[in-house]
Amino acid sequence: MAGLLWRYQKKLAVKQRIAARKHKGSNRRQKAHKTVARVYEQISNVRQDYLHKLSRKIVAHNQVVVVENLNLKGMVRNHKLAKAISDTGWGTFVNFLSYKLERSGGKLVEINRCFPSSKLCSHCHYQIPELPLDVRTWICPSCGTHHDRDGNAAVNIRAEGIRMLSCSGTGEANANGEDVRPIRGRKSKMRQSSVKLEAHTVPSGLCG
Ligand SMILES: [Zn+2]
């Protein structure tokens, strides 16, 4: 996607420059602005396509997907996924996941944004008070486990999602994450993905 987007973004810059050169109020300027709008639309389509593909892939391989309910403003993380998602909107992506899962008989579990997925040690459940966004790895002061920030958060999100599933009384999963619902007549082990993206500022006052 990155290459394609880059091409469109270059095209956008060119078209914008052309539009800026036309006389204000002229027909040519109006026409040039229409061209700019069309490129914007093409960019939006590329992003949507990407999110469709990504969500399709995730849903094809997972019966349950656990996501965090995010504070959408100020997404910062800069891996490829985060960029694509924050550009088009986390809400859109979760939406795609949600209806695709529904169609395939799967389930989307959204966990609360106040759940301290990053700050919790997935090994001993000790919670550190602070973990600034630029800290990518940390060592649990309680049990000494060395954590990759995202890996640890994903484990926590998965566990929280399973806990929520088992609490919701659907009987579709037990606490070990074993799926008991046959899909296409087969019993299969439930596989989960957790997607971890972080908001720049989570209003901590709301998450007391
Ligand atoms: Zn620990």
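Me: How far does helix α2 reach from its first C-alpha to its last?
Reply: We are looking at a predicted model, where local features need pLDDT of at least 70, side-chain atom pairs count only at pLDDT 80 or more, and totals for chains, interfaces and linings use all residues. Residues are numbered from 1 along each chain as its sequence is written. Helix α2 covers residues 27–61, which is 35 residues, and 51 Å is expected at 1.5 Å a residue (the expected span is 1.5 Å times one less than the number of residues). The span in the model is close to that, at 52 Å.

Me: How many helices and strands are there in the protein chain?
Reply: Helices (H or I, at least four residues) and strands (E, at least two) are DSSP runs, numbered from the N terminus. Starting at that end, the elements run α-α-β-α-α-β-β-β-α-β. The totals are five helices and five strands.

Me: Which residues of α2 are buried?
Reply: A residue is buried if 20 or more other C-beta atoms lie within 10 Å of its own, exposed if 12 or fewer, and partly exposed in between, with C-beta atoms placed from the backbone. In the protein chain, buried residues make up 22% of the 208 residues. In α2 they are Arg47, Tyr50, Leu51, Ser55 and Val59.

Me: How are α1 and α2 oriented to each other?
Reply: Two packed helices are described by the angle between their axes and the distance between the axes. Axes are lines fitted to C-alpha atoms, for helices over the stretch in contact, and angles run from 0 to 180 degrees between N-to-C directions. The axes of α1 (residues 2–21) and α2 come within 9 Å and cross at roughly 165°. Angles under 35 degrees count as roughly parallel, over 145 as roughly antiparallel, 65 to 115 as roughly perpendicular and the rest as oblique, and that makes this pair roughly antiparallel.

Me: What is the phi of His125?
Reply: Most residues other than glycine have a negative phi, and most peptide bonds are trans. His125 lies in the loop between β2 (107–111) and β3 (137–139), and is exposed, with 12 other C-beta atoms within 10 Å. Although His125 is not a glycine, its phi is positive, at about 70°.

Me: How far apart in space are Tyr126 and Cys140, C-alpha to C-alpha?
Reply: Tyr126 also lies in the loop between β2 and β3, and is partly exposed, with 13 other C-beta atoms within 10 Å. Not counting residues up to four places away in sequence, Tyr126 touches Cys121, Cys140, Ser142 and Cys143. Tyr126 and Cys140 are 14 residues apart in sequence, and their C-alpha distance is 7.5 Å.

How values were computed
Two residues are in contact if their C-beta atoms, placed from the backbone, lie within 7 Å.
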